[in-house]
Amino acid sequence: MYFSSCFSHSPLTLKAMKPCGSVGKGKNFAFPIRSNGAELCDGHIVRSRVNLSGDWSFIGGSRIIVKPKATRLLLHYPKRGQMQASCFIGSQLTSTVFTVGTIAVLPFYTLMVLAPKSELTKKSMESSIPYVVLSILYAYLLYLSWTPETVRLIFASKYLLPELAGIAKMFSSEMTLASAWIHLLVVDLFAARHIFQDGLKNQIETRHSVSFCLFFCPIGILTHVITKSMTKPARKEGHGL
């Protein structure tokens with residue numbers, strides 16, 4: 001005697017689903033079940049579509065065939081956009097400070113080179129305002145660029161001395177590089193002022209040495225020492241007369 005049975009029902013929707021598309025064990029269904037849902041797994045939205053189809057016969061008994069279909073959709077986190085905006089603002093600030101600091105010192109060098117004996121030049125170089133302003137700007141950039149790793153990079157060796165690799169890594173940041181540039185501008189201008197005032201006191205030509213101090217400060221100091229030593233005999237003869 002041959003007997004067959006076939007069950008057919010309309011799909012049902014399961015509201016509750018276990019995480020990551022897990023299906024409970026020990027469940028026997030004699031009809032096809034289809035479940036649609038959305039889950040959150042490992043930072044992604046997983047839309048799961050599980051087809052459970054069941055058939056029954058005297059020979060094979062009952063069995064369930066599970067055919068999961070999942071589509072992973074990436075989440076867009078707002079923090080990533082905020083970090084990109086913060087980096088953009090930091091880059092713009094660094095570029096602006098770099099340009100403003102460079103332009104701020106140029107008038108003083110111009111006065112010392114083109115009008116060294118002018119009263120305006122003498123009064124400008126006696127003022128401490130440019131050094132105070134640039135020092136505050138440097139301190140602000142240093143605060144922005146400072147990280148817990150900065151001290152470790154500065155004192156990288158076992159003797160607590162800087163190493164070239166550590167300094168190179170530290171200056172790979174634009175903010176740190178901009179603060180170092182402001183640091184050089186302040187020190188170079190201070191050295192140029194000292195050379196200028198020493199030249200006025202001893203009546204020595206300083207325009208070439210001051211010009212070197214803008215970008216090559218050690219060379220400017222060296223040329224001033226050479227110039228002063230070469231003109232010393234002439235100044236002695238002038239005083240003797």
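Which residues of the largest nonpolar core touch the most other members?

1. The model is a predicted one. Its largest nonpolar core holds 23 residues, and those touching the most other members are Val105, Tyr109, Met112, Met125, Leu189 and Val210. At least two residues of this core come from each of α1 (78-114), α3, α6 and α7. Helix α6 provides the largest share, 10 residues.

2. With neighbours within four places in sequence left aside, Met112 is in contact with Thr121, Met125, Leu189, Ala192, Arg193, Phe196, Arg207 and Val210.

3. The pairing of α6 with α7 can be given in geometric terms. Two packed helices are described by the angle between their axes and the distance between the axes. For α6 (residues 174-202) and α7 (residues 207-215), the angle is about 170° and the axes lie 8 Å apart. Because angles over 145 degrees count as roughly antiparallel, α6 is roughly antiparallel to α7.

4. On the α6 side, this contact is made by Trp181, Asp188, Ala192, Ile195 and Phe196, and on the α7 side by Ser209, Val210, Cys213, Leu214 and Phe215. Sorted by class, the contact of α6 with α7 comprises eight nonpolar residues, one polar and one charged.

5. Pro130 belongs to helix α3 (residues 129-145). Its relative accessibility is 13%, so Pro130 counts as buried, the limit for that class being under 20%. Although Pro130 and Phe190 are 60 residues apart along the chain, their C-alpha atoms are separated by 9.8 Å.

Conventions:
Residues are numbered from 1 along each chain as its sequence is written. This is a predicted model: local features need pLDDT of at least 70, side-chain atom pairs count only at pLDDT 80 or more; totals for chains, interfaces and linings use all residues. Side-chain values use heavy atoms; hydrogens and water are left out. Helices (H or I, at least four residues) and strands (E, at least two) are DSSP runs, numbered from the N terminus. Buried means under 20% relative accessible area, exposed over 50%, partly exposed in between (1.4 Å probe, protein chains only). Axes are lines fitted to C-alpha atoms, for helices over the stretch in contact, and angles run from 0 to 180 degrees between N-to-C directions. Angles under 35 degrees count as roughly parallel, over 145 as roughly antiparallel, 65 to 115 as roughly perpendicular and the rest as oblique. Contact means heavy atoms within 4.5 Å. Ala, Val, Leu, Ile, Met, Phe, Trp, Tyr, Cys and Pro count as nonpolar, Asp, Glu, Lys and Arg as charged, and the others, Gly among them, as polar. A nonpolar core is a set of buried Ala, Val, Leu, Ile, Met, Phe, Trp, Tyr and Cys residues joined through side-chain atoms within 4.5 Å.
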